[in-house]
Amino acid sequence: MPRYSDVSLRRQAGRLPAAVLFLPACFVVDVILGGPSGVYGGVSVPLLLLGVSCGILLFAVLVRGRLEQAHLLPMLSISAFLILNGIWIAIVPVLAGTDMHWTLREAHSFIVLVPVVLVLGLLRRDQLARTLPRLQRLVVVTALVLAAFQVGLWVVGTLFGDVSWVVPLVLRAIFPGVSDQLFVGPMADGFFRVFWISTLWCLLGSFWAPVALPATRFRWLFQGLLLMDLFVAYSRGIWLGLLAGVLVAFGATLTWHRLGRTLARSAVIGLAAAGALVGVLAATGTLERGVSRFRSTTSREDTSISARLEQAPYLLQLWYEHPVVGSGYGAYSAGHLRSQDAPYSYEHMPYALLAKLGLLGVLVSGIFVSSWGLTAWEVRRRSPSRVASFLGACVALLIAEMTNPMVLNLVSMSIFACLLLQWADLVSPHDNSPSHG
């Protein structure tokens with residue numbers, strides 16, 4: 001029999017992940033809720049949580065004295081992605097004459113990927129298999145809290161317009177220092193919009209809910225709440241991303257022998273969801289506005305779409321200056337600035353990324369993203385629902401982020417980090433035990 005000291009050490013090793021992952025979990029919750037901890041004394045609490053989390057994870061790895069080999073390929077892949085992006089953070093801006101202040105401002109969120117590498121180096125295969133479902137439940141439950149709050153704001157603003165002036169006061173009290181990241185108020189067409197960057201977590205939650213809460217009786221109600229939140233965000237990019245992601249997820253689970261049953265089930269769910277949404281919108285008098293908003297995705301006459309198209313020639317001109325390697329993160333066109341505080345921020349992200357990364361950077365990033373998607377697709381027969389949730393979320397977020405300057409912020413990078421953990425779990429070899437999630 002093992003000595004008592006050996007048993008004690010093993011128990012401590014088993015408890016170690018829960019201890020070191022507590023602060024990263026707090027960071028995730030804070031980012032999902034939109035940063036209610038705010039900024040105090042000039043210090044961003046979410047960034048402080050992230051920095052301390054990195055320190056704790058690194059300390060845990062150093063105490064162990066080695067990295068786990070179970071997730072070696074995912075660690076190498078993510079590390080290589082970070083190193084290559086470092087070229088467009090530290091080298092290309094210097095060569096192109098881009099202001100390093102703006103470069104660091106735009107690219108600082110890449111640090112979120114560092115804890116991913118450390119977590120993969122710290123956790124054994126079985127530990128990651130147990131940790132990921134807990135992360136997914138944490139994300140979905142917290143996203144539901146955010147969705148309930150945002151939909152509640154929308155109901156107040158839509159049905160009680162006379163008291164909607166109270167909403168900004170409440171938001172400033174709950175979310176200090178992040179007012180520039182949210183929009184709550186009436187649009188030009190009269191629709192009361194509730195949107196901030198953290199809404200993207202509800203998009204992720206809508207794909208993770210089936211695997212995070214598989215046996216929950218009210219799962220469809222929860223998913224309906226998440227979808228309603230995505231609607232009140234009033235972002236056509238999110239709507240199109242959701243639709244494309246659902247189609248990809250559907251394709252990942254589709255097999256010939258289940259074709260008829262899958263199509264019938266999807267049709268019933270889709271009609272039920274559409275009927276519920278139409279009923280809510282009709283009851284609140286916003287159905288016509290919602291339909292018009294969705295139809296406008298194909299129109300160039302919409303002011304917000306034309307504003308994005310207006311950015312294209314300026315970004316192309318910036319790309320022409322350094323077509324191969326781009327101008328690096330933080331680059332911007334002096335002829336078209338969306339914001340003096342963040343001149344590098346553009347809504348037309350495909351052109352913006354081309355101008356910043358050049359053909360080489362876009363190609364390299366595309367290779368990484370494609371390889372992650374293809375390796376996940378290869379294991380869909382083993383875990384169809386988990387692969388569907390991963391691929392669907394990736395496609396939905398990618399499309400949603402192409403029409404808003406959200407790809408490189410802390411929220412998007414945090415979601416990206418969570419998806420990479422899911423990818424690492426999918427592609428890691430598993431035994432014959434029942435699959436999780």
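# Briefing: helices, salt bridges and a surface patch

Helix H10 buries Arg219, Gln223, Leu226, Met228, Asp229, Leu230, Phe231 and Val232. The model is predicted. It holds 6 salt bridges and 0 disulfides.

- H10 covers residues 219–232, which makes 14 residues.
- At 1.5 Å a residue, H10 should span 20 Å, and its end C-alpha atoms are 20 Å apart, so the two values agree.
- Tyr234 follows H10 and has a positive phi, near 60°.
- Helix H2 runs through residues 22–32. Its buried residues are Pro24, Phe27, Val28, Asp30, Val31 and Ile32.

**Salt bridges around Asp126**
- Asp126 bridges to Arg124, with 3.2 Å from N to O.
- Asp126 also forms a salt bridge with Arg130, where the closest N and O atoms are 3.1 Å apart.
- Asp126 and Arg130 both sit in helix H7 (residues 125–159). They are 4 residues apart, about one turn of the helix.
- Asp126 counts as partly exposed because its relative accessible area is 34%, between the 20% and 50% cut-offs.
- Arg124 is partly exposed at 32% relative accessibility, and Arg130 is partly exposed at 41%.

**Salt bridges around Glu68**
- Shared partners join the salt bridges of Arg64, Arg66 and Glu68 into one network.
- In the bridge between Arg64 and Glu68, the closest N and O atoms are 3.3 Å apart.
- Arg64 is partly exposed, with a relative accessible area of 27%.
- Glu68 is buried, with a relative accessible area of 11%.

**A nonpolar surface patch**
- Leu72, Leu73 and Leu76 make up a nonpolar patch on the surface. Together they have about 300 Å² of accessible area.
- Leu72 belongs to helix H4 (residues 72–96).
- Leu72 is partly exposed, at 35% relative accessibility.

**A buried histidine in a loop**
- His348 lies in the loop between helix H14 (303–321) and helix H15 (349–377).
- His348 is buried because its relative accessible area is 14%, under the 20% cut-off.
- Beyond its neighbours within four places in sequence, His348 contacts Arg308, Leu309, Gln311, Ala312, Leu315 and Met402.

**Cysteines**
- Cys54 is buried, at 11% relative accessibility.
- Cys418 is buried too, with a relative accessible area of 5%.
- The structure holds 0 disulfides.

Key
Residues numbered from 1 in each chain as written. Predicted model: local features only at pLDDT ≥ 70, side-chain atom pairs only at ≥ 80, totals over all residues. Heavy atoms only, no water. Patch = residues over 30% accessible without salt bridge, like charges linked within 9 Å, V, L, I, M, F, W, Y side chains within 5 Å. Areas by Shrake-Rupley, 256 points an atom, 1.4 Å probe, with all protein chains shown as cover. Salt bridge = Lys/Arg side-chain N within 4 Å of Asp/Glu carboxyl O. Helix = DSSP H or I, 4+ residues; strand = E, 2+ residues; numbered from the N terminus. Buried < 20%, exposed > 50% of the residue type's maximum accessible area, 1.4 Å probe, protein only. Contact = heavy atoms within 4.5 Å. Expected span 1.5 Å × (residues − 1). Disulfide = S-S within 2.5 Å.
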